[in-house]
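Student: I have a structure open and would like to learn how to read it. Could you walk me through a few features?

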Amino acid sequence: MTSAARRVLLDSADVNRTIARIAHQIIEKTALDDDGDKHVVLLGIPTRGPVLASRFAAKVAEFSGIEIPTGFLDTTLYRDDLRGQPHRPLERTTVPAGGIDNAHVILVDDVLYSGRTVRAALDALRDLGRPATVQLAVLVDRGHRELPIRADYVGKNLPTARDEDVAVHFTETDGVDEVVLGPRDTTAGGSA
Amino acid sequence: MRHLLSTADLSRDDALGILDDAEGFAQALLGREIRKLPTLRGRTVMTVFYENSTRTRVSFEVAGKWMSADVINVSASSSSVGKGESLRDTAKTLHAAGADALIVRHPSSGAAQQIAQWTAETDDAGLVTGPAVINAGDGTHEHPTQALLDALTLRQRLGDIEGRRVVIVGDIVHSRVARSNAHLLSTLGAEVVLVAPPTLLPVGVDTWPVTVAHDLDAQLPSADAVMMLRVQAERMNGGFFPSTREYSVRYGLNDDRLRLLGDDGVVLHPGPMLRGMEIGYSVADAPQATVLEQVRNGVHVRMAVLLRLLVGTDSDQQRGDDKVEAAQ
């Protein structure tokens, strides 16, 4: 154990500021507020991604007045590490009305870790439609990538050890907004 | 879970987990052009049917194929069974040929359990390996996936199973569906009432978690759901009731009895239905009847069972093939 203590890395104000910053970047990078009919969709990856996606959507609406649809994308059935693992309950997958064909899809997850969840999400997307582009937004990038995957929007780059765990908590699901670094704890929000 | 042999072995959490996953599959596949998930890619599922079946075999086959498993159907009439090969040798042969799951239907009670024992092996690390065995109906014993799909249908129609009153009517003695449902519905908190002539009740029914009655009309007004069973002529080797007409009059679900059940009541039938015998022609097509919903749910329930048996493992009973590092 390199870090026995539990450390709060981002508190509520930090989390909200970070979400606001990424929302601005989404508007800018997808040229949402330019003229033209932009079809942008946010797809949150359970368990904390959907909350983060709706936070992004709310901020984007606040800053630009544009409502972007959000959905859920469960990657469980597409994972390559299911064999030999304990059973994982399925979460729901919901694609907004209008689908994802020719859309600019932004995958949203709380923590980017090995990259395997994102690979599974890309496979899942392929079965749902053909987006024009796919981007990735994460609150925390903790490193240790096992696949050539990078995020387009990163809230905080966080160097970590493998035996540490990054837990992202949101008011909606955990009663508090914070990002916590601590010893590995499998009960908290994912290290994806 | 390594096998699914009986609903009596299912904990409440396991049963609810399977129902939730089945809902998850229904939802995941809803409105998709490509109904194919990569979850069981590279896994081999064999259905071994010693009795005729349409919906169960097809349902398992569709479930396996939608999850990208390689599904191979073995039927007794077109295999070495016809040459006199024993069940044990057939099972061990299919295991040796690479089956990850054996889905077994057999006229003898306990056949699936036997196959699970015959094909179990212990590897060098002391872990129990061998194919997952799913009981798809063994004699008059159990048919667990049928009970699970019935429970899913009830949950969708009634909202919850806990505290509901389910009446199971007919040929209880020969019905593996009744036995599996009695255990599962009771585990899920329902009150189960069996209604049948005394000759069609099994010995030892007093040890089941159910109450027994003989007058269907008296039970219907207080029932939330009624499950009609097929009268299994192929297993009738004695005079269980005087005539099919008398049976139909006393235990058949006709229009009058459907009115007693009410508009909110649910009518289940595991199929195949004998219209005009245990269920009236118009009752089978009434809005309360869920026969086709049961079939649809059957595919999703079987996907959930395959998922649980083939990819999820208990720590004490791991298949010792993959030691994938937890990447989360």
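**A buried loop residue**

Tutor: Let's start with B:Leu40, which counts as buried because its relative accessibility is 0%. Buried means under 20% relative accessible area, exposed over 50%, and partly exposed in between, with a 1.4 Å probe and protein chains only. Bear in mind that this is a predicted model, where local features need pLDDT of at least 70, side-chain atom pairs count only at pLDDT 80 or more, and totals for chains, interfaces and linings use all residues. Residues are numbered from 1 along each chain as its sequence is written, chains are lettered from A and ligands numbered from 1 in the order in which they are written, and side-chain values use heavy atoms, leaving out hydrogens and water.

Student: Where does B:Leu40 lie?

Tutor: Look in the loop between H1 and strand E1 (44-49) of chain B. Helices (H or I, at least four residues) and strands (E, at least two) are DSSP runs, numbered from the N terminus.

Student: Which residues is B:Leu40 in contact with, leaving aside its neighbours within four places in sequence?

Tutor: Contact means heavy atoms within 4.5 Å. On that basis B:Leu40 touches B:Met67, B:Ser68, B:Ala69, B:Leu306, B:Leu310 and B:Val311.

Student: How do I read two helices that pack, say H1(B) and H11(B)?

Tutor: Begin with the axes: they are lines fitted to C-alpha atoms, for helices over the stretch in contact, and angles run from 0 to 180 degrees between N-to-C directions. Helix H1 (residues 12-29) and helix H11 (residues 291-310), both of chain B, have axes 8 Å apart and pack at about 115 degrees. Next comes handedness: a crossing is left-handed if the near helix is turned anticlockwise from the far one by less than a right angle, and right-handed if clockwise. H1(B) and H11(B) make a right-handed crossing.

Student: Which residues of H1(B) and H11(B) meet?

Tutor: From H1(B) they include B:Phe25 and B:Leu29, and from H11(B) B:Met303 and B:Leu307. The contact divides into 10 nonpolar, 2 polar and 3 charged residues. Here Ala, Val, Leu, Ile, Met, Phe, Trp, Tyr, Cys and Pro count as nonpolar, Asp, Glu, Lys and Arg as charged, and the others, Gly among them, as polar.

Student: At what angle do H5(B) and H6(B) cross?

Tutor: Roughly 55 degrees, for H5 (residues 144-158) and H6 (residues 176-187) of chain B, whose axes come within 8 Å. H5(B) and H6(B) are therefore oblique to each other; angles under 35 degrees count as roughly parallel, over 145 as roughly antiparallel, 65 to 115 as roughly perpendicular and the rest as oblique. H5(B) passes H6(B) in a right-handed crossing.

Student: Which residues of helix H4 of chain B are buried?

Tutor: In H4 (residues 111-119) of chain B, they are B:Ala111, B:Ala112, B:Ile115, B:Ala116 and B:Thr119. They cover an arc of only 140 degrees around the axis, so they sit on the same side of H4(B). That arc is taken from the directions from the helix axis to the C-beta atoms. Helix H3 (87-96) and strand E3 (101-106) of chain B are among the elements that cover them.

Student: What about the backbone: which peptide bond in chain B is cis?

Tutor: One runs from B:Gly271 to B:Pro272, with omega near -10 degrees. B:Pro272 is in the loop between strand E11 (266-268) and helix H10 (281-284) of chain B. In chain A, the bond from A:Pro46 to A:Thr47 is cis too, with omega near 15 degrees.

Student: Is A:Asn102 buried or exposed?

Tutor: A:Asn102 counts as exposed, at 56% relative accessibility. Its phi is near 60 degrees, a positive value in a residue other than glycine.
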